[in-house]
Amino acid sequence: MTNIDGRHRIGYISARGNIVPDKGEYLPLENPATGEQIGEALEVDAGTLGEIIADARATYEKTWRKVAPDVRGAMMFRWANLIEQRRDELAELEITDVGHLRKEALGDIDTSVRLIRYYAGMADKIQGNTYSQFPDRIAYGVPEPYGVVGAITPFNANAVMVGLKAAPAMVAGNCMVLKVPETSPLLMFKLIELAVEAGIPPGVLSVVTGRGHVVGPMLMDNRGIAMISFTGSVGAGRSVIKQSAENIMPVVLELGGKSPVILLDDANLDFAVPSAVHSNFVKSGQSCVAGSRILVHSSIYDEVCARVAKFASEIRVGLPTDPESQMSTLISKPQRDHVDALVSSAVSAGATRLAGGAPADWAPLDGGAFYQPTVLADVEDDNPAAMQEAFGPMASLLRFDTVDEALARANASDFGLSAQVWGNDAMALQHLVQNIEAGAVWVNTYRAAHPTLPLGGMKHSGYGVEYGFEAVLAYTRPKSVMWDLTTERTLPYA
């Protein structure tokens, strides 16, 4: 990554170093809050990508697989320390590139540090098993790395994605090639530069960018990639699954959600309402676990509508550089237009607009991709607002009368990533927890995660897990070894 006249120019990072070619197709990078062009990024071609993957394989075979686990962990600890030391500088990159508020960018960086340290401490604790011991025979199993694995990541949590994908893959003994978002690659490139600075051998982590529909298939089609982890849309996930069949490639998928929030009649609204609101509007709603379907018991529905609308209307939308801002920009103007079209179609289908519902296009926001925090009431299950992931600041309020009704409607979505349940009736809560179809269920809290707790989706939200020791195992394949120790045996055809 270079800086020319205040603009960033990035190529790719591989075993051969940080390369910025003079030739090739470069895509413009834009500050989504101002519309200003801040640099350009190379869209890697198939030939170059093939070389990067081949070099990663050579690094795996000649270097990384021979590094002792505790040494590998020590390298990763140094990497985490460097990220922590430079968190302010890194946050500035993310603010400019993605448009997150400063506290959001810093929060992601801190989460990344926590994840890398968690997995670094696990490096010398990956163990195999011994199996039933027969006379004169040994049988054991070991989890082996794939060699070179791939990752395709979204724009909304760049630092977290490094901790979620690269860290467990490295601990398992793999090298990784990351295809990072073409809209916001700056932080990811800087984080991989810091990995090399921390002593992690070049080629253990390689990073490229380019449009997903161009570079993604090239990564999937390369036989040097043995496994892939993908986070993105359902449509792109389907393409990943189809391509993985060609090379019989294992995949881990996280494909977003349309997560329900259930407010029972005895929910503490002083906690539940602001939490549900923040769940929808943090990062301008660009979150896969946004609680965008708020199912509210009829007895408290009107009160909740009023409270949610008041909260949303008072959120200060502003530039990410303004410390007074409480919500910032979307990633791009096309994404803002997508959210606006979804809101319009929801209102046309019968929803009532309680707050927002239009771009935030007043000065000084008129150059960016800002949208007003939007609240829709009277939403039915077949309304577009209840069915489609907005990936923007849009919350929908739905009314229910019984716990079983709430459960049935919560499960009526194709998605199954997360859910929230708020209330104090232990039997009702447990009934919901046991029967909601979601990979993560939060009770009287939201967006709670910890490195030790595996998380994954159900239904169209994907399969496989991230976080926890299970994530490390996802980057390994089992090998069974059977060793006959006998010196005398009956030979075939004797």
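Throughout this tour, buried means under 20% relative accessible area, exposed means over 50%, and partly exposed is the range in between, with a 1.4 Å probe and protein chains only. The model is predicted, so local features need pLDDT of at least 70 and side-chain atom pairs count only at pLDDT 80 or more, while totals for chains, interfaces and linings use all residues. Residues are numbered from 1 along each chain as its sequence is written, and side-chain values use heavy atoms, with hydrogens and water left out.

**Stop 1: the aromatic pairs**

Select Phe-155 and Phe-391, both of which are buried. Rings of Phe, Tyr and Trp (its six-membered ring) are paired here if their centres lie within 6.5 Å, and planes under 30 degrees apart count as stacked, over 60 as edge-to-face and the rest as tilted. By this rule there are two aromatic pairs. Phe-155 is in the loop between β9 (148-152) and α5, and Phe-391 is in the loop between α12 (384-387) and β18 (394-400), so the pair ties together parts that are 236 residues apart in sequence.

**Stop 2: the nonpolar cores**

A nonpolar core is a set of buried Ala, Val, Leu, Ile, Met, Phe, Trp, Tyr and Cys residues joined through side-chain atoms within 4.5 Å. The largest one has 97 residues, and those with the most contacts inside it are Trp-79, Ile-83, Tyr-119, Met-170, Met-176, Leu-178 and Leu-205. Its largest share, ten residues, comes from helix α5 (residues 158-171). Centre the view on Ile-83 and, leaving out residues up to four places away in sequence, look for its contacts (heavy atoms within 4.5 Å), which are Leu-90, Ile-109, Val-113, Ile-116, Leu-191 and Leu-194. A second, separate core has 30 residues, including Ala-272, Phe-281, Ile-294 and Met-327.

**Stop 3: Met-122**

Select Met-122, in the loop between α4 (102-120) and β7 (129-130). Met-122 is buried, with a relative accessible area of 8%. Leaving aside neighbours within four places in sequence, Met-122 is in contact with Val-171, Phe-469 and Val-472.

**Stop 4: cavities and a pocket**

On a 1 Å grid over the protein atoms alone, a cavity is a set of points where a 1.4 Å probe fits but cannot get out, a pocket is an open set with protein on both sides within 12 Å along at least five of seven lines, and lining residues have an atom within 4 Å of a point. The structure holds two cavities of 30 Å³ or more. The largest has a volume of about 90 Å³, and of its 13 lining residues the closest to the centre are Ala-290, Ser-292, Glu-389, Ala-390 and Phe-391. The second largest cavity, at about 50 Å³, is lined by 14 residues, of which Pro-260, Phe-415, Gly-416, Ser-418 and Glu-437 lie nearest its centre.

Next, show the second largest pocket, which has about 280 Å³ of space. Of its 19 lining residues, the closest to its centre are Arg-72, Pro-143, Pro-145, Ala-172 and Gly-173. The elements that give two or more residues to this lining are α2 (69-85), β8 (137-145) and β26 (476-484), and β8 gives the most, with three.

**Stop 5: backbone details**

Most residues other than glycine have a negative phi, and most peptide bonds are trans. Select Ala-363 and Pro-364, where the peptide bond is cis, with omega near 5°; Pro-364 lies in the loop between β16 (352-355) and β17 (374-377). Then select Lys-283, which has a positive phi of about 55° although it is not a glycine. Lys-283 lies in the loop between α9 (269-281) and β15 (293-297) and counts as buried, at 7% relative accessibility. Finish at Lys-459, in strand β23 (residues 458-459), whose phi is likewise positive, near 55°. Lys-459 is partly exposed, with a relative accessible area of 34%.

Notes:
Helix = DSSP H or I, 4+ residues; strand = E, 2+ residues; numbered from the N terminus. Points joined across faces, edges and corners; volume = space filled by probe spheres on them.
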